[in-house]
Each structure stands twice: as structure tokens, then as C-alpha cells.
Amino acid sequence: MRDFSEWLLARDIELPMEVVENQENFALVSLLGWFIGIILVIFSVLSIVFFIKNLVEGHLNQIKPNLGTFKAFGLPDQFLISMYSRIVTVLLVVSFGISILIIAVDDILLTFLQTEDTFNVWNLLLWGAIVLLFFSSLYFARRIIRNILNQTPGNLVYGRGNKG
């Protein structure tokens with residue numbers, strides 16, 4: 001903006017310096033707002049992914065003896081991995097579906113009540129975060145499932161060796 005101000009002064013066009021400084025300050029605050037917003041979205045996605053990861057890991061650690069028994073009786077690892085992956089996928093799809101439905105109903109109610117729109121359901125950043133959250137949660141859940149189920153049946157049943 002200062003370059004623009006100097007360019008105007010070189011052509012004998014006066015522009016109050018307060019206007020230029022106000023525009024510079026607004027641009028800086030706007031940029032900082034976007035930066036903080038992006039950081040908050042990334043932090044939120046990471047927090048939810050780690051929560052889901054710990055939830056799946058805790059559940060599988062609790063039922064390790066049962067999984068070891070299934071494996072000892074000949075149930076293939078790939079069947080157990082695909083079954084738990086499907087369960088996690090269905091739970092994620094249902095939870096995301098309910099969340100999106102609640103957000104959409106909220107948006108419709110706010111539009112119907114003609115109040116100020118507080119949440120933009122069709123924001124690309126929101127949908128990008130949802131897709132990132134879904135696939136990263138699924139990736140980490142599958143990785144944990146594979147790590148735990150790749151242990152021997154004896155290790156799973158008796159809790160020895162690899163802890164997952």
C-alpha cells in the first residue's frame with residue numbers, strides 16, 4: 001500500500017496516510033485471521049484423529065484375548081482386519097452423517113428464522129477438513145488394527161511380547 005501511496009504522490013494525487021495505514025492494518029489482521037483459522041482446523045482434525053485412534057486401540061487391547069482365540073481356531077488375519085475396518089468405516093460414516101445432518105438442520109433453521117448466518121455449510125474448507133478427518137481416521141484405525149492382529153495368537157491371548 002505504501003508503494004501505491006508513493007505512486008499517487010509522484011503524480012500529485014493526495015491520499016491521506018490514515019487511509020493507507022487502515023488498509024494495511026486490515027489486510028494484516030485479515031491474513032492473521034485466516035492463518036489462525038487454518039491452524040485451528042488442523043489442530044481440531046488432529047485432536048479428533050488421535051481420539052479415534054486411542055478409542056480403537058483401547059478397545060482392541062481390551063479384547064486381545066478374544067482375538068487371539070479367534071486366530072487360534074483358524075480365523076484368518078485378513079478376515080479380522082477387514083471386519084474391524086468395516087466396523088470403523090461404518091461408525092465413521094454414521095457419525096459424520098449425523099454431524100452433517102445436524103449442521104444442515106441448523107443452517108436451515110437459521111435461514112428460516114432470518115437470523116444472521118453463523119455457519120457456512122457449503123464452505124470448501126469445512127468439506128476439506130471433513131474429508132481429511134475421515135480418511136486420516138480410517139488410515140490410523142486400520143494401521144492399529146493391522147498392528148494388533150499381526151501378533152501371534154499366543155501373544156494376544158496371554159498378553160506377552162508385542163503390546164500393539
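Colleague: In which helix is F50 found?

Modeller: This is a predicted model. F50 has a relative accessible area of 43%, so it counts as partly exposed. The helix in which F50 is found is α2.

Colleague: Which helix gives the largest share of the nonpolar patch?

Modeller: The patch is formed by W34, I38, I42, L46, F50 and L125, and it covers about 560 Å² of surface. Patch residues need over 30% relative accessible area, and F50, at 43%, is partly exposed. The largest share, 5 residues, comes from residues 17-62, that is, from helix α2.

Colleague: K53 and E57 both lie in helix α2. What is the N to O distance where their side chains meet?

Modeller: An α-helix has 3.6 residues a turn, so residues three or four places apart point the same way. K53 and E57 are 4 residues apart, about one turn of the helix. K53 is partly exposed, since its relative accessible area is 22%. The two side chains form a salt bridge, and its N to O distance is 3.4 Å.

Colleague: How many salt bridges does a search of the whole structure find?

Modeller: Side chains of opposite charge can pair when their charged atoms come close. In another, the side chains of D77 and K71 meet at 3.1 Å, N to O. The number found in the whole structure is 2.

Colleague: Is K71 buried or exposed?

Modeller: K71 meets D77 in a salt bridge. D77 has 27% relative accessibility and so counts as partly exposed. Buried means under 20% relative accessible area. K71 has 11%, so the word for it is buried.

Colleague: Over what arc around the axis of α3 do its buried residues K64, L67, G68 and K71 lie?

Modeller: Helix α3 runs over residues 64-72, and K64, L67, G68 and K71 are buried in it. They are on the same side of α3, because the arc they cover around the axis is only 100 degrees.

Colleague: Which residue just after α3 takes a positive phi?

Modeller: Helix α3 covers residues 64-72. Just after α3, a phi of about 100 degrees is taken by G74.

Colleague: How far apart in space are N61 and I148, C-alpha to C-alpha?

Modeller: N61 has its place in helix α2. At 32% relative accessibility, it counts as partly exposed. In sequence, 87 residues separate N61 and I148. In space, their C-alpha to C-alpha distance is 8.0 Å.

Colleague: What share of the contacts with a separation of 6 or more joins residues 24 or more positions apart?

Modeller: The protein has 6 helices and 0 strands, in the order α-α-α-α-α-α along the sequence. Among its contacts with a separation of 6 or more, the share from residues 24 or more positions apart is 68%.

Colleague: What is the radius of gyration of the protein?

Modeller: The C-alpha trace spans about 90 × 40 × 20 Å along its principal axes. A compact globule of 164 residues would have a radius of gyration near 15 Å, whereas the protein has 26 Å.

Colleague: What percentage of the residues count as buried?

Modeller: The accessible surface comes to about 11,700 Å². Carbon and sulfur atoms account for 69% of that surface. Of the 164 residues, the share that counts as buried is 24%.

Conventions
Residues are numbered from 1 along each chain as its sequence is written. This is a predicted model: local features need pLDDT of at least 70, side-chain atom pairs count only at pLDDT 80 or more; totals for chains, interfaces and linings use all residues. Side-chain values use heavy atoms; hydrogens and water are left out. Patches are made of residues with over 30% relative accessible area and no salt bridge: like charges are joined within 9 Å, nonpolar side chains (Val, Leu, Ile, Met, Phe, Trp, Tyr) within 5 Å. Accessible areas come from the Shrake-Rupley method with a 1.4 Å probe; for residues, only the protein chains shown count as cover. A salt bridge is a side-chain nitrogen of Lys or Arg within 4 Å of a carboxyl oxygen of Asp or Glu. Helices (H or I, at least four residues) and strands (E, at least two) are DSSP runs, numbered from the N terminus. Buried means under 20% relative accessible area, exposed over 50%, partly exposed in between (1.4 Å probe, protein chains only). The radius of gyration is taken over C-alpha atoms; the globule rule is 2.2 Å times the number of residues to the power 0.38. Contact means heavy atoms within 4.5 Å. The arc is that of the directions from the helix axis to the C-beta atoms.
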